[in-house]
Amino acid sequence: ALWCEHPYCRACWAQYIASAVQQNRARRIGCPQPACKAALSAAEVRELADDELFARYRRGVVDAYVNESAQLSWCKNPRGCEGVLHADAADGTVACG
């Protein structure tokens, strides 16, 4: 459980994490207890999730980070590149990173 100590079983945590990931809320998964401000760390998600769910969680965190950044974007190569582009506002260049 989190430092807030609200008790939930592992199966409920896994289901809650899966729901958060599916709803694009992986960047911050909070305690399911209403009004609680505690949030799961990546280490806590790793402990509570199976390998497949943890991989989906990690991808959701990266997706959210890139999508919320003014300097980052996904490569638009139609052949399916999953690279992240970094735009340098100072000189207008874009670098794959």
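1. A search of the whole structure finds 0 disulfides (pairs of cysteine sulfur atoms within 2.5 Å). A disulfide is a covalent bond between the sulfur atoms of two cysteines. The sulfur of cysteine 4 has its closest cysteine sulfur in cysteine 36, 3.7 Å away, which is too far for a bond. Seen from cysteine 36, the closest cysteine sulfur is that of cysteine 4, at 3.7 Å, again too far for a bond.

2. Basis of the values. This is a predicted model, in which local features need pLDDT of at least 70 and side-chain atom pairs count only at pLDDT 80 or more, while totals for chains, interfaces and linings use all residues. Residues are numbered from 1 along each chain as its sequence is written, and side-chain values use heavy atoms, with hydrogens and water left out.

3. Overall layout. The protein has 3 helices and 3 strands. Helices (H or I, at least four residues) and strands (E, at least two) are DSSP runs, numbered from the N terminus. Their order from the N terminus is α-α-α-β-β-β. Of the 97 residues, 29% are buried. Buried means under 20% relative accessible area, exposed over 50%, and partly exposed in between (1.4 Å probe, protein chains only).

4. Surface and contacts. The accessible surface is about 6700 Å², and 54% of it belongs to carbon and sulfur atoms. Areas come from the Shrake-Rupley method with a 1.4 Å probe; for residues, only the protein chains shown count as cover. Among contacts with a separation of 6 or more, 36% join residues 24 or more positions apart. Contact means heavy atoms within 4.5 Å.

5. Core. The largest nonpolar core holds 18 residues. Such a core is a set of buried Ala, Val, Leu, Ile, Met, Phe, Trp, Tyr and Cys residues joined through side-chain atoms within 4.5 Å. Leu2, Ile17, Leu40, Val45 and Tyr57 have the most contacts inside this core. The elements giving two or more residues to it are α1, α2 and α3. The largest share, 4 residues, comes from α1. Leaving aside residues up to four places away in sequence, valine 45 touches Ile17, Leu40, Phe54 and Tyr57.

6. Helix α3. Its 18 residues (51-68) should span 26 Å at 1.5 Å a residue, and the end C-alpha atoms are 26 Å apart, so the two agree. The expected span is 1.5 Å times one less than the number of residues. Aspartate 50 caps the N-terminal end of α3, with a side-chain oxygen 3.3 Å from the backbone nitrogen of glutamate 52. The buried residues of α3 are Leu53, Phe54, Tyr57, Gly60, Ala64 and Val66. Their cover includes α1 (10-22), α2 (42-48), β1 (72-74) and β2 (84-87).

7. Alanine 18. This residue is in helix α1. Alanine 18 counts as partly exposed because its relative accessible area is 22%. Alanine 18 touches Leu53 and Arg56, not counting residues up to four places away in sequence.

8. Backbone points to check. Most residues other than glycine have a negative phi. Asparagine 24 has a positive phi of about 60 degrees. Alanine 35 also has a positive phi, near 70 degrees. Asparagine 24 is exposed, at 71% relative accessibility. Alanine 35 is exposed too, with a relative accessible area of 74%.

Technical notes:
Polar contact = N/O pair within 3.5 Å; in protein donor to acceptor, adjacent residues only side chain to side chain.
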